[in-house]
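I opened my notebook to look up a few things in this structure. Here are my entries, in order.

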Amino acid sequence: MPGAGRRNPDWEWDEIVLACDLVAQNGWRALPAENAQVIELSELLQRMTVHPLEARRPDFRNPNGVGRKTADIATHHPQYSGRPTHGNVLDEQVMGRFLTEPDMMHAMAASIRASVADGEPHDFPRGAGYDGESEIEGRYMLRWHAYRERNPTLRRRKINSVLSGGGSLSCEVCSFDFAQAYGERGRGYIECHHVEPLHLGGEGPRTIRDLALLCSNCHRMIHTRPPWPTPAELREIIRRQAEGQAN
Ligand SMILES: [Zn+2]
Ligand SMILES: [Zn+2]
């Protein structure tokens with residue numbers, strides 16, 4: 001049996017956010033394996049691509065495991081009077097966020113669920129994030145950044161303003177145009193990037209001027225590791241690189 005005999009991989013940040021959201025909505029009480037929401041979360045976690053299939057045991061994130069995780073989280077709540085079960089530092093960090101910023105964290109859980117449903121990659125590269133932040137903080141910020149960049153109203157307004165100005169939906173850094181490269185399949189596709197530096201718990205982009213339209217490569221390259229270059233700085237990196245190769 002593949003992977004038998006080994007432990008399942010540790011829970012990742014995004015997975016803990018989903019479990020914590022369930023526990024928070026249940027009044028910080030654990031949920032049993034038979035609970036419909038636990039079963040649903042178990043299926044969702046198995047669909048996520050955070051952990052490669054080779055690393056999973058047959059009981060990976062099954063309802064029993066998910067139920068146990070909700071107990072680990074619930075018994076670490078500051079108001080829990082009994083003896084805490086297993087748990088780790090990451091659980092406590094995520095719970096700490098839920099206690100101080102419940103609305104934001106609930107929105108984050110919804111965003112993770114939506115990205116799994118859309119089949120989007122939701123595992124960010126290691127080390128991605130903000131300069132000077134810990135990895136966990138970096139991943140938290142990157143997730144939050146991605147959530148705000150998906151603001152559909154602002155995105156629509158940005159795209160409409162470019163089109164009504166006679167422009168095309170091409171990357172502001174490298175001019176890549178999805179419709180030109182992929183035809184009908186690429187029509188209307190572009191990614192929105194929030195240019196302003198973000199602060200923990202700060203507002204999302206407020207105007208379309210804060211947004212840049214980017215191709216997936218340039219967007220990914222900006223977020224690959226801190227500090228994040230601006231689109232203009234990334235354009236300069238590409239220019240210098242091309243110059244170096246021409247010499
Ligand atoms: Zn580009
Ligand atoms: Zn971005």
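How much space lies in the second largest pocket? I found about 500 Å³. A pocket here is an open set of points on a 1 Å grid over the protein atoms alone, where a 1.4 Å probe fits, with protein on both sides within 12 Å along at least five of seven lines. Lining residues have an atom within 4 Å of a point. This is a predicted model, where local features need pLDDT of at least 70 and side-chain atom pairs pLDDT 80 or more, while totals for chains, interfaces and linings use all residues. Residues are numbered from 1 along each chain, chains are lettered from A and ligands numbered from 1 in written order, and side-chain values use heavy atoms, without hydrogens and water.

I then checked the lining of the second largest pocket. Of its 20 residues, R7, W11, R61, R68 and D72 are the closest to the centre. Helix 3 (residues 63-74) gives the most, six residues.

Next I looked up the zinc ion (ligand 1). Its protein donors (N, O and S atoms within 2.8 Å of the metal) are the SG atoms of C171, C174, C215 and C218, 2.3 to 2.4 Å away. Their spacing along the chain is C-x2-C-x40-C-x2-C. The site is tetrahedral, with angles of 104 to 115°; the term asks that all angles among four donors lie between 85 and 135 degrees.

Is C215 buried or exposed? C215 is buried, at 4% relative accessibility; buried means under 20%, exposed over 50% (1.4 Å probe, protein chains only). C218 is buried too, at 5%.

Last, I turned to helix 9 (residues 216-223), where C218, H219, I222 and H223 are buried. Seen down the axis, these buried residues fall within an arc of 130°, so they line one face of helix 9.

Conventions. Helices (H or I, at least four residues) and strands (E, at least two) are DSSP runs, numbered from the N terminus. The arc is that of the directions from the helix axis to the C-beta atoms. Donors are N, O and S atoms within 2.8 Å of the metal (3.2 Å for Na, K and Ca); water is not among the atoms, so sites may look incomplete. Four donors count as tetrahedral if all angles lie between 85 and 135 degrees; four count as square planar and six as octahedral if opposite donors are over 155 degrees apart and all others between 65 and 115; anything else is irregular. Grid points are joined across faces, edges and corners, and a volume is the space filled by probe spheres set on the points.
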